Amino acid sequence: MSGNWHCRVEPRNDVIKKTFGRTIAEEIQRLRMDAAKTLLATTLLPVYTIASQTGFEPNYFLKAFRQVTGTSPKTWRKNHKEFAD
């Protein structure tokens with residue numbers, strides 16, 4: 001009976017990319033970066049701590065953050081902070 005079935009099961013990543021416009025890895029990266037932005041804006045935690053808490057190696061975090069936002073985490077925090085100095 002299985003010989004009569006001619007359906008192709010697409011890999012999950014392909015289905016997700018077609019549905020959401022990004023891969024699973026890209027979506028996870030986006031969620032982690034959003035969490036980092038929230039921590040930068042709402043806490044005084046050091047950048048390296050935020051990197052670690054959101055699953056990034058500190059050096060990679062600096063590079064990835066700049067690629068996503070166009071600025072450093074320190075500058076982004078200065079422009080988006082939601083806490084009193």
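What follows is a chat about a predicted model of a helical protein.

User: Quick overview first: how many helices and strands are there in the protein?
Analyst: This is a predicted model, and the protein in it has five helices and zero strands. Read along the sequence, the pattern is α-α-α-α-α.

User: OK. What share of the residues counts as buried?
Analyst: 22% of the 85 residues.

User: And the accessible surface, what does that come to?
Analyst: About 6400 Å², with 56% of that belonging to carbon and sulfur atoms.

User: What about contacts between residues 24 or more positions apart, how much do they account for?
Analyst: Take the contacts with a separation of 6 or more: 47% of them are between residues 24 or more positions apart.

User: Let's go to the packing. At what angle do H2 and H5 pack?
Analyst: At about 60°, and their axes are 8 Å apart. Helix H2 covers residues 24-42 and helix H5 covers residues 73-80. That angle makes H2 oblique to H5.

User: Which hand is the crossing where H2 passes H5, left or right?
Analyst: Right-handed.

User: Which residues meet there, between H2 and H5?
Analyst: From H2 you have Lys37, Leu39, Leu40 and Ala41. On the H5 side they meet Pro73, Trp76, Arg77 and His80.

User: Now H2 with H4. How do their axes cross?
Analyst: They cross at roughly 95° and come within 11 Å. H2 and H4 are therefore roughly perpendicular to each other.

User: And which residues of H2 and H4 meet?
Analyst: H2 brings Gln29, Met33, Ala36, Lys37 and Leu40. They meet Tyr60, Phe61, Ala64, Phe65, Val68 and Thr69 in H4. Lys37 and Leu40 also turn up in the list of H2 residues that meet H5.

User: Switching topic: where is threonine 54?
Analyst: In the loop between helix H3 (47-53) and helix H4 (58-69).

User: Is threonine 54 buried or exposed?
Analyst: Buried, because its relative accessibility is 9% and the cut-off for buried is under 20%.

User: What lies 2.8 Å from a polar atom of its side chain, I mean threonine 54?
Analyst: The backbone oxygen of isoleucine 50.

User: Leaving aside neighbours within four places in sequence, which residues is threonine 54 in contact with?
Analyst: Arg32, Ala35, Ala36 and Leu39. Ala36 is also one of the H2 residues that meet H4, while Leu39 is one of those that meet H5.

How values were computed:
Residues are numbered from 1 along each chain as its sequence is written. This is a predicted model: local features need pLDDT of at least 70, side-chain atom pairs count only at pLDDT 80 or more; totals for chains, interfaces and linings use all residues. Side-chain values use heavy atoms; hydrogens and water are left out. Helices (H or I, at least four residues) and strands (E, at least two) are DSSP runs, numbered from the N terminus. Buried means under 20% relative accessible area, exposed over 50%, partly exposed in between (1.4 Å probe, protein chains only). A polar contact is a pair of N or O atoms within 3.5 Å; within protein, one must be able to donate a hydrogen and the other to accept it, and residues adjacent in sequence count only if both atoms are side-chain atoms. Contact means heavy atoms within 4.5 Å. Accessible areas come from the Shrake-Rupley method with a 1.4 Å probe; for residues, only the protein chains shown count as cover. Axes are lines fitted to C-alpha atoms, for helices over the stretch in contact, and angles run from 0 to 180 degrees between N-to-C directions. Angles under 35 degrees count as roughly parallel, over 145 as roughly antiparallel, 65 to 115 as roughly perpendicular and the rest as oblique. A crossing is left-handed if the near helix is turned anticlockwise from the far one by less than a right angle, and right-handed if clockwise.
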